[in-house]
Amino acid sequence: MNKIYEAFKNKKAFIPFITCGDPDVATTKATILEMVKNGADLIEIGIPFSDPTAEGVVIQGANIRALAGGITTDKVFDMVADVRKEVSIPLVFMTYANVVFSYGAEKFFTRCNEVGIDGIILPDIPFEEKKEFLDVADRHNVDLISLIAPTSDDRIAMIVKEAKGFLYIVSSLGVTGTRSEITTDLDSIVKIVKENTSVPCAIGFGISTPQQANEMSQIADGVIVGSAIIKLLKKYKTEAPKYIGEYVKEMKEAMN
Amino acid sequence: MKETKGRFGIHGGQYIPETLMNAVIELENAYNHYKNDPEFNKELNYLLNDYAGRPSKLYFAKKMTEDLGGAKIYLKREDLTHTGAHKINNVLGQALLAKKMGKRRLIAETGAGQHGVATATAAALMGMECVVFMGEEDTIRQALNVYKMRLLGATVIPVTSGTKTLKDAVSEAMREWTSRIDDTHYCLGSVMGPHPFPTIVRDFQAVISKEIKEQILEKEGRLPDAVVACVGGGSNAIGSFYNFIEDKEVALIGCEAAGKGIHTFETAATINTGSLGIFHGMKSYFCQDEYGQIAPVYSISAGLDYPGVGPEHAYLNDIKRASYVPVTDDEAVEAFEYLSRTEGIIPAVESAHAVAYAKKIAPSMGKDKIIVITISGRGDKDCAAIARYKGEDLYE
């Protein structure tokens, strides 16, 4: 049984995202600890990339700030190794194919396994290209997490049947960022997912309010929130962890 | 390992968000249907000939040949096509294809503005909406082209993310496409991005080498010894090379923008200085650091100022069928002035990179040898910037 499954066991999972190194590694670590303390079930840690084409302006900004602060893939691994001493919930990476490729996939996933990373989300690796990293990720017990989009249609079953860890359902067209309204027919997507797999599914993109978290948790097994957290980091900088902790608590409570 | 779709050796592929997968599959299916459709080809040929002014001339540059004292030099005059650059070949093909697919809106990225102007032109012609993403830095360098796009009815969106140049314009156009797919076609301007773009754009640009071959056979009764073209993403170069790939006796030479030199950080010579990576939907060579962060690149030419190169060029380099050489800003500017003075032809500063390299190799080649240089675009757009580069206080 993989560790990611534990995040969804007998509960709806709240999955916050944070870009590592924005504005510095110490703040990232403190934020992760606050997230765990306040009910996060799984945490998505972003390894910054210079050109994050799937991100909206908010997370683009986090990537730029983190890289300007001197973060590197090696420093991200060090941060995870450090925080792992105090955190037992599943942790997954979110980054771009070139970050893994240039590090060397074998070395990258070996390090993931060493520091206690349970899965990875690569938004620029669709089903057709997943063998680029799938075998090596598998060998190191890291789940390569599949994404489903509002445009996936006839592709959903194909993707879902080979899903590992959890399924990331992209709620809306476009890039990451908060949205006032989500119009995709998520019920229909989740229905096809459930017909084809026992792997849990979580909805992300555009979710920021407790009400949205509540609505989405009734459709899917988990809720992913990124941009709303990054906005707090941008606003409060090194003071952000406690505000993010409060926010996580509020979102988690709305889902119960 | 079984290779995925759209590969050129190890390069290419479809490294894009799931949101775009059905869009590129739809595009591939439509292209495979229409590329052999007689009606589609009839319409496209009509546009290329009667609207864009093809075939473009292959001109014997007699004065340049005499001045350099070596190989005979021919210029493939893409600068004489409508909108002043080869970009129109691809755009007319893609816009017609998009129209057949029922799309009513074109989006595009542009560096120098040539592809943006071409896309805005095709959109105006075909009654489609047009939005062009252009790095803010480039909207300043190429202000005249921004005006032209607006004149043609397009909306120009200055991109302020990242380095505010071509790379960021591509990222922003990709982001826009993920948010609006139903009625929108992303008219990608070079032989890059995810499959099927590198293949589609190459096929629409291959008309350049098809014509060069016919024209040189008619004029000289034989194939050239070398075809020289500038390479950013690489669309005019692949168009110039494609029909010669099987003719092994023809040297294919791509000229990369070295900026201030390949031993400086201010360069955009991807094959000469980059390494293998995955970005903008493709596996290819990129200028990047050890952690895969894409490097800020530099060239005087906004059209070559891109940190990657099309996957088919990466492959032609790997198998040593084509060679890729660096040409600096200084060399390109010198060639810009040289061609203007010698032949009365003002080339785009992009094309001037190819002229500069041909100038270097022609004198040491025999008088019986033949070089074809593709003049991918005309240089009106560059005059003010180059005047400033030379210290003149000239603004458009």
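A salt bridge is a side-chain nitrogen of Lys or Arg within 4 Å of a carboxyl oxygen of Asp or Glu. In this predicted model, the side chains of E195(A) and K191(A) meet in such a salt bridge, at 3.2 Å from N to O. Over all chains, the structure holds 49 salt bridges.

This is a predicted model, in which local features need pLDDT of at least 70 and side-chain atom pairs count only at pLDDT 80 or more, while totals for chains, interfaces and linings use all residues. Residues are numbered from 1 along each chain as its sequence is written, chains are lettered from A and ligands numbered from 1 in the order in which they are written, and side-chain values use heavy atoms, with hydrogens and water left out.

**The interface of chain B and chain A**

- The contact (heavy atoms within 4.5 Å) takes 40 residues from chain A and 36 residues from chain B.
- The size of an interface is often given as the accessible area lost when the parts come together.
- Chain B and chain A bury about 3000 Å² between them, and 52% of this lies on carbon and sulfur atoms; buried area is the accessible area (1.4 Å probe) that two parts lose on being put together, summed over both.
- In chain B, the residues that lose the most area to chain A are E18(B), R175(B) and Y291(B), which together account for 25% of what that side buries.
- Four salt bridges are found across the interface.
- R7(B) forms a salt bridge with E129(A), with the closest N and O atoms 2.7 Å apart.
- There are 26 residue pairs in polar contact between chain B and chain A, both residues being at pLDDT 80 or more. A polar contact is a pair of N or O atoms within 3.5 Å; within protein, one must be able to donate a hydrogen and the other to accept it, and residues adjacent in sequence count only if both atoms are side-chain atoms.
- On the side of chain B that touches chain A, at least two residues each come from β2 (11–15), α1 (18–34), α8 (166–179) and β11 (275–279) of chain B. Helices (H or I, at least four residues) and strands (E, at least two) are DSSP runs, numbered from the N terminus.
- The largest share of that side, seven residues, comes from α8(B).

**The sheet of chain A**

- Strands of a sheet pair through backbone hydrogen bonds, either parallel or antiparallel.
- Nine strands of chain A form an open sheet with parallel pairing, in the order β5-β4-β3-β2-β1-β9-β8-β7-β6; two strands pair if DSSP finds at least two bridges between them.
- At the edges stand β5 (143–145) and β6 (147–148) of chain A, each with a single partner strand, so one side of each is left without a neighbour in the sheet.
- Strand β8 (residues 201–204) and strand β9 (residues 222–225) of chain A pair in the parallel sense over two bridges. The bridge partner of I203(A) in β9(A) is V223(A).

**A helix of chain A**

- E195(A) and K191(A) both lie in helix α8 (residues 186–196) of chain A, four residues apart, about one turn of the helix.

**The sheet of chain B**

- Four strands of chain B form an open sheet with antiparallel pairing, in the order β1-β2-β12-β11.
- The edge strands β1 (7–8) and β11 of chain B each pair on one side only.
- β11(B) and strand β12 (residues 281–286) of chain B run antiparallel and are joined by five bridges. L276(B) stands opposite Y285(B) in β12(B).

**Backbone details**

- A cis peptide bond with omega of about -5° joins D22(A) and P23(A). P23(A) lies in the loop between β1 and α1 (25–37) of chain A.
- The peptide bond from H195(B) to P196(B) is also cis, with omega near 10°. P196(B) is in the loop between β8 (184–186) and α9 (197–205) of chain B.
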